[in-house]
Amino acid sequence: TGTGTATAVLTGSRLSVSGTYTGLKSRATAAHVFRSVAPGVRGTSLFDLEVTGGTEGTFSGVATLTRFQVDDLGRGRLYVQIHSESAPDGNLRGWLMREELKR
């Protein structure tokens, strides 16, 4: 359970991700950017994000992507996942989509 927002900015191959979350039933323990084979399908972790750790808070992080990961980002295959004490496998996910794809 919960809601959140994320913003991702790609500069060259450097991806900056930040956002907020609220409404978790238990304390956040970790956050990551994952790669999926398609939007909506769970994938594998690419890099860690810093997370404040409450039932509401913030997350952020920066990573340098490979050219294949940049392509995956453009295809909507990367997503943010927040893990919590009661959901260690992740309970809040949001796919990173290009601005023009959100319309």
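Trainee: Why is Gln81 called buried?

Mentor: Gln81 has a relative accessible area of 2%. Buried means under 20%, exposed over 50%, and partly exposed in between (1.4 Å probe, protein chains only), so Gln81 counts as buried. This is a predicted model, in which local features need pLDDT of at least 70, side-chain atom pairs count only at pLDDT 80 or more, and totals for chains, interfaces and linings use all residues. Residues are numbered from 1 along each chain as its sequence is written, and side-chain values use heavy atoms, with hydrogens and water left out.

Trainee: Where is Gln81 placed, and which residues is Gln81 in contact with?

Mentor: Gln81 belongs to strand β6. Strands (E, at least two residues) and helices (H or I, at least four) are DSSP runs, numbered from the N terminus. Beyond four places in sequence, the contacts of Gln81 (heavy atoms within 4.5 Å) are Ala30, Ala31, His32, Phe34, Arg42, Asp89, Gly90, Leu92 and Arg93.

Trainee: What makes the pair of Gln81 and Asp89 a polar contact?

Mentor: A polar atom of the Gln81 side chain and the backbone oxygen of Asp89 are 2.9 Å apart. The term asks for a pair of N or O atoms within 3.5 Å; within protein, one must be able to donate a hydrogen and the other to accept it, and residues adjacent in sequence count only if both atoms are side-chain atoms.

Trainee: Is His32 buried or exposed?

Mentor: His32, in strand β3 (residues 28-35), has 15% relative accessibility and therefore counts as buried. Its side chain makes a polar contact of 2.7 Å with the side chain of Asp48.

Trainee: Why is Asp71 called partly exposed?

Mentor: The relative accessible area of Asp71 is 37%, so the in-between class applies. Asp71 is part of helix α1, and its side chain makes a polar contact with the side chain of Arg75 at 2.9 Å.

Trainee: Which residues of the largest nonpolar core touch the most other members?

Mentor: They are Val17, Phe47, Leu49, Phe59 and Ile82, in a core of 18 residues. Such a core is a set of buried Ala, Val, Leu, Ile, Met, Phe, Trp, Tyr and Cys residues joined through side-chain atoms within 4.5 Å. Two or more residues of this core come from each of β2, β3, β4 (44-51), β5 (57-64) and β6.
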